[in-house]
Amino acid sequence: MTLARILAGTSSALAVLSLSGCGLLWNCTDSTAERGEAGVRVEIVDESGRPVGVSAEVTGWRREPHPQVPADGDQIHFDIRFEGAGQGSEPAVDACAVDEKRVVLGCQTMYSAQVFGPKGPYTGDHYLEVEHPERVDEVLLIPDDQSSEDRRTCEDDIKDGGGVHPPEPPGVGDRL
């Protein structure tokens with residue numbers, strides 16, 4: 001009879017813990033978001049694929065030497081513009097030079113806070129160094145917001161880490 005009361009009390013305590021959200025084991029799951037479709041103009045999305053209210057656009061590009069290091073030869077000089085209500089949250093996209101088959105020749109992460117210039121506060125130009133600038137056919141943007149600094153994993157912090165992380169930036173040779 002006493003054993004039955006102890007078991008009943010233990011079951012009740014476990015049920016209360018479970019219902020309150022507490023558990024005996026942390027359930028931490030790491031995952032990486034799928035990379036979005038690259039384009040010349042993209043609506044920036046968060047790790048869940050929801051728009052953040054900002055668009056980014058490559059408004060032009062050309063091959064030319066960087067004025068500070070002309071001896072290095074041609075680089076890809078591109079113009080970029082961020083627009084939208086969420087500009088203050090500093091969203092970031094990867095700008096990638098690709099060949100005619102959309103194979104990545106080089107990428108650089110661009111933060112809206114970095115972009116400023118004579119055409120407005122969120123319009124600017126940057127240089128992208130690639131090994132074969134003569135093969136560049138287009139400069140594309142990856143719509144996934146890369147501004148998340150919190151990339152903790154379950155291994156780093158089993159209680160608070162984990163969850164969905166931005167996709168890994170594309171590397172040379174990846175196809176977009």
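Predicted model: local features only at pLDDT ≥ 70, side-chain atom pairs only at ≥ 80, totals over all residues.
**Ground rules.** I number residues from 1 along each chain as its sequence is written, and I leave out hydrogens and water, using heavy atoms for side-chain values.

**Whole protein.** I looked up the secondary structure and noted one helix and nine strands, taken as DSSP runs numbered from the N terminus (helices H or I of at least four residues, strands E of at least two). Along the sequence the pattern reads α-β-β-β-β-β-β-β-β-β. Of the 176 residues, 36% are buried, where buried means under 20% relative accessible area with a 1.4 Å probe and protein chains only. I put the accessible surface at about 10,500 Å², with 51% of it belonging to carbon and sulfur atoms; the area comes from the Shrake-Rupley method with a 1.4 Å probe. For contacts (heavy atoms within 4.5 Å), I noted that 65% of those between residues at least 6 apart in sequence join residues at least 24 apart.

**Strand β5.** I then turned to β5, residues 92-98, where seven of the seven residues are buried, so the strand is largely enclosed by the rest of the structure. In a regular strand the side chains alternate between the two faces of the sheet. In β5, Ala92, Asp94, Cys96 and Val98 point one way, whereas Val93, Ala95 and Ala97 point the other way.

I checked the partners of β5 next, counting two strands as paired if DSSP finds at least two bridges between them. Strand β6 (residues 104-111) runs antiparallel to β5 and is joined to it by seven bridges, with Val98 opposite Val104. Five residues lie between the strands of this hairpin, and Arg102 there takes a positive phi near 65°. Strand β8 (residues 138-142) also pairs with β5 in the antiparallel sense, over five bridges, and Ile142 in β8 is the bridge partner of Asp94.

**His66.** Finally I looked up His66, which sits in the loop between β3 (51-65) and β4 (74-84). His66 counts as buried because its relative accessibility is 17%. Its side chain reaches the backbone nitrogen of Gln68 at 3.0 Å. Leaving aside residues up to four places away in sequence, I noted that His66 touches Gly73, Gln75 and Tyr127.

How values were computed:
Buried < 20%, exposed > 50% of the residue type's maximum accessible area, 1.4 Å probe, protein only. Polar contact = N/O pair within 3.5 Å; in protein donor to acceptor, adjacent residues only side chain to side chain.
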